[in-house]
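Here is a walk through one protein model, by way of its charged side chains. Please keep the sequence and the structure in view while reading.

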Amino acid sequence: MNQKPFNLTSEFFLQMDQTDPLRHFRDQFYFPKTKLGKEVLYFVGNSLGLQPKKASLYVEEELLDWRSLAVDGHHSAKHPWFPYHEFLTAQTARLVGAQPMEVVVMNTLTVNLHLMLTSFYRPTKKKFKIVIEAGAFPSDQYAVASHAKLHGLNPSETIIEWRPRLGEQLLRMEDLEEMVQTEGESIALILIGNVNYKTGQAFPLKEIATLAHTKNIIFGADLAHGAGNLALSLHEDKVDFAVWCSYKFLNAGPGALGGCFVHDKYAEDFSRPRLEGWWGHDKEKRFLMEPKFSPMKGAEGWQLSNPPILPMATLRASMELFDEAGMGPLRKKSELLTGYLEFLLKQIRLEEFKIITSSKPNERGCSLSLDFGNQGKMVVERLAEEGIKCDYREPGIIRIAPVPLYNSFQDVFELCEALKRHV
Ligand SMILES: *Cc1c(COP(=O)(O)O)cnc(C)c1O
């Protein structure tokens, strides 16, 4: 794939697609079809990723093993069920830039967030505040508010927002720095979605972790829009904990399992309270059925229940593709693909809409958020009628996410041709 400046010709996107080293991954996914049988142009992989073709085979394999082996499948299935979650560990660690012991696939995102807050939000009289980004995803807001209440605190005095300046939509790092400088002694936790779901702004995890640690503040990241989108290095960046879901960029299907990262500096820190379950118990002694909980080292020690095999099977199908492609090459293509989208959008009459997302590649993931004001809903509906799927968020925001695993430069070109007809 070349890095020549973008241009408007069809030769350009054809050549980009032909020389794209990741182009064969597109054939690994099912695309929905329009009524006329044409493949939908799909730009909502940030909301629900497409189905990998291998997913049904992997699920079928487990159903067959269950049918023929029943309880013996725990040990004798082709992929034995007792350690099934471990088949995802190495790939998950590579995906988020972690050591294997730092990650585990379990539960769903908000559940994992609660488990992490239970252990890592330990307010004292003096140090009790929680910083979140303004406009955080509602579930994150509810989760932190509920933990404030669990500790007998008033959420409105506990939660402080990192807000955009008047007239701006994106957040400035220097404002977070100032907040930590002036209020840091009273802040216990910073929780940030590493790519904001609405504005598409990506935040620098390493800088935030470093900043937080200057005042002894725990830094947790919600990677719902980051996992499978950005090249992450959670271990090196010294993020304390992170959680994510797998149905968005990770293509593991509706309601898919979540992931959880706990930095290895806590791997053997058993002093923090946690919610306990038998699957977090030392696996060598799990079946001794002892009454006293003795947690496993690392992230696995936060597991509660034995792993649900069928949703783990779809996630395996998808994680194999990510592992084969690699986040480095994916991110490289992603920057070009989104850069191309931005280039084409700027040729359209821009007074009809405004690109909210930053124009700097290191301040965004693959998706761009466009503010169409009161035209937004209508434009998304018209695109949908033509078999082009984008996503709409109140008020007036259209999100477009070309994902590097299965979107092409031609997809982006065709989307922009259609947009021209509607603005
Ligand atoms: C998608 C998303 C969620 C969804 O939470 P679930 O528990 O998976 O339903 C939570 N937080 C953020 C930031 C999200 O983008």
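A salt bridge is a side-chain nitrogen of Lys or Arg within 4 Å of a carboxyl oxygen of Asp or Glu. In this predicted model, the structure holds 24 salt bridges. Side chains of opposite charge can pair when their charged atoms come close.

Another pair is E183 and K129, with closest N and O atoms 3.0 Å apart. Here helix α8 (residues 173–183), which holds E183, is linked to strand β5 (residues 129–133), which holds K129. E183 counts as partly exposed at 26% relative accessibility, whereas K129 counts as buried at 16%, because the limit for buried is under 20%.

Within helix α14, E417 and K420 lie three residues apart, about one turn of the helix. They form a salt bridge with closest N and O atoms 3.0 Å apart.

Helix α14 (residues 409–422) also contains D411. D411 is buried, with a relative accessible area of 4%. Its side chain makes a polar contact with the side chain of R26 at 2.8 Å. Beyond its sequence neighbours, D411 touches R26, L41, F43 and Y406. The C-alpha atoms of D411 and L41 are separated by 6.3 Å, although the residues are 370 apart along the chain.

Technical notes
Residues are numbered from 1 along each chain as its sequence is written. This is a predicted model: local features need pLDDT of at least 70, side-chain atom pairs count only at pLDDT 80 or more; totals for chains, interfaces and linings use all residues. Side-chain values use heavy atoms; hydrogens and water are left out. Helices (H or I, at least four residues) and strands (E, at least two) are DSSP runs, numbered from the N terminus. Buried means under 20% relative accessible area, exposed over 50%, partly exposed in between (1.4 Å probe, protein chains only). Contact means heavy atoms within 4.5 Å. A polar contact is a pair of N or O atoms within 3.5 Å; within protein, one must be able to donate a hydrogen and the other to accept it, and residues adjacent in sequence count only if both atoms are side-chain atoms. Lists of a residue's contacts leave out its neighbours within four places in sequence.
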